[in-house]
Amino acid sequence: MDKTANKTVLVTGASGFIGSRLASELVARGYRVRCAVRRSTVLPEGAEAVTADLLKPETLHGALSGVDTAYYLVHSMEAGHDSFAQQDRQAALNFVAAANASGLRRVIYLGGLGETGDNLSHHLASRLEVASILQTGNFSTTFLRAAVIIGNGGVSYELIRSLVQRLPVMITPRWVTTRNQPIAVADVIAYLAGCLENEQTAGATFDIGGPEIMTYRQMMERFARLMGRRLLIIPVPVLTPRLSSYWVSLFTPIQSAIAIALIEGLKNEVICRENRIRELLPIPLTSYDAAIKTALAENRQNGGR
């Protein structure tokens, strides 16, 4: 029997950077895909659209009806520093209540890597809290903890690209020395889809990252080299996260609320502490340079520079 037969998969956040790519991949693999969106948007051919808002519980029951597995790809950084965590918490609680009522079997959640101590940024702490809420449901939750995701349209990629493109000299805070493990968006999609097809991943938490560990400074320097640009980075000890976020907002298209959340999180090292998923889903990982080249090519195809 076809593994995709009679299996409806719900993708929340289907209009977003990850959700739109994942929906297309699942349709291509033959799944019946239902895309939950708050407003009308372009979806992959063959996908079913349903209007749903996780902050409006009355919209969730129809979206979850008949669904076997749901991808939880929603977060609210745009809401601002003081309210996004509250919105994310309420959205997760609403989802769990509706999913329990619907008899949902599985959830696959994409969150962020980071240490689990008390020094987490508000953004990473909120992602971890959402995972904890989802894990209280009557369904099985797979939690993928991702490092910085590199792909055209992604916030991290757009931040780095804009800074490198516009600032040949950067005066930066200490976060440029923080280590991270960037992962290509194509590899994230492969892991998300692979978890759906491998029941051994149900109920487990996995770290996912690319094949290289580097500092943010090294990421920007290599990005500049791939763009054929020269870049001088001068770290200073006195630039606070909030001042850094204003600086980022000035020179990039990133909204200030999102910039604050992102910059605050750059103090946290985001590298894989375990690689168990590599045994269950042995996908070939994309190098950082290859991920950047692909993103730059997509950007040019979409009319960017």
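Okay, aromatic pairs: there are five of them in this structure, which is a predicted model. Let me walk you through two. How far apart are the ring centres of F95 and F139, and at what angle are the planes? The centres are 6.3 Å apart and the planes sit at 70°, so we call this pair edge-to-face. What I like here is that F95 and F139 tie together distant parts of the chain. F95 belongs to helix α3, while F139 is in the loop between α4 (122–134) and β6 (140–146), and 44 residues separate the two. Buried or exposed, these two? F95 is buried, and F139 is buried as well.

The second pair is Y157 with F223, and that one is tilted, with 5.7 Å from centre to centre and 35° between the planes. Again the pair links distant parts of the chain: Y157 comes from helix α5 and F223 from helix α7, 66 residues apart. Y157 has 0% relative accessibility, so Y157 counts as buried. F223 also comes out as buried, because its relative accessible area is 0%.

Helix α5 (residues 155–166) and helix α7 (residues 216–226) have axes that come within 10 Å and cross at roughly 60°. The crossing of α5 past α7 is right-handed. On the α5 side you've got Y157, I160, R161, L163 and V164, and they meet M219, M220, F223 and A224 of α7. Sorted by class, that contact has eight nonpolar residues, one charged and no polar ones.

Helix α7 has another partner, helix α11 (residues 288–301). The axes of α7 and α11 come within 10 Å and cross at roughly 55°, and α7 and α11 are therefore oblique to each other. This crossing is right-handed too. Who makes the contact? From α7 it's M219, M220, R222, F223 and L226, and from α11 it's Y288, D289, I292, K293 and L296. The classes here are seven nonpolar, three charged and no polar. Notice that F223 turns up in the contact with α5 and again in the contact with α11, and so do M219 and M220.

If you skip the neighbours within four places in sequence, R89 touches E129 and I133. There's also L134: 45 residues from R89 in sequence, and 10.0 Å away in space, C-alpha to C-alpha.

The other one is I271, in the loop between α9 (256–265) and α10 (277–280). Is I271 buried or exposed? I271 is buried, because its relative accessible area is 6%. Which residues does I271 contact, leaving aside neighbours within four places in sequence? They are L113, R179, N180, Q181, D207 and I213. And G209 is 62 residues from I271 along the chain, with 7.0 Å between their C-alpha atoms.

Key
Residues numbered from 1 in each chain as written. Predicted model: local features only at pLDDT ≥ 70, side-chain atom pairs only at ≥ 80, totals over all residues. Heavy atoms only, no water. Contact = heavy atoms within 4.5 Å. Axes fitted to C-alpha atoms, helices over the stretch in contact; angles between N-to-C directions. Helix = DSSP H or I, 4+ residues; strand = E, 2+ residues; numbered from the N terminus. Left-handed = near helix turned anticlockwise from the far one by under 90°. Nonpolar A, V, L, I, M, F, W, Y, C, P; charged D, E, K, R; others polar. Phe/Tyr/Trp six-rings, centres within 6.5 Å; stacked < 30°, edge-to-face > 60°. Buried < 20%, exposed > 50% of the residue type's maximum accessible area, 1.4 Å probe, protein only. Parallel < 35°, antiparallel > 145°, perpendicular 65-115°, else oblique.
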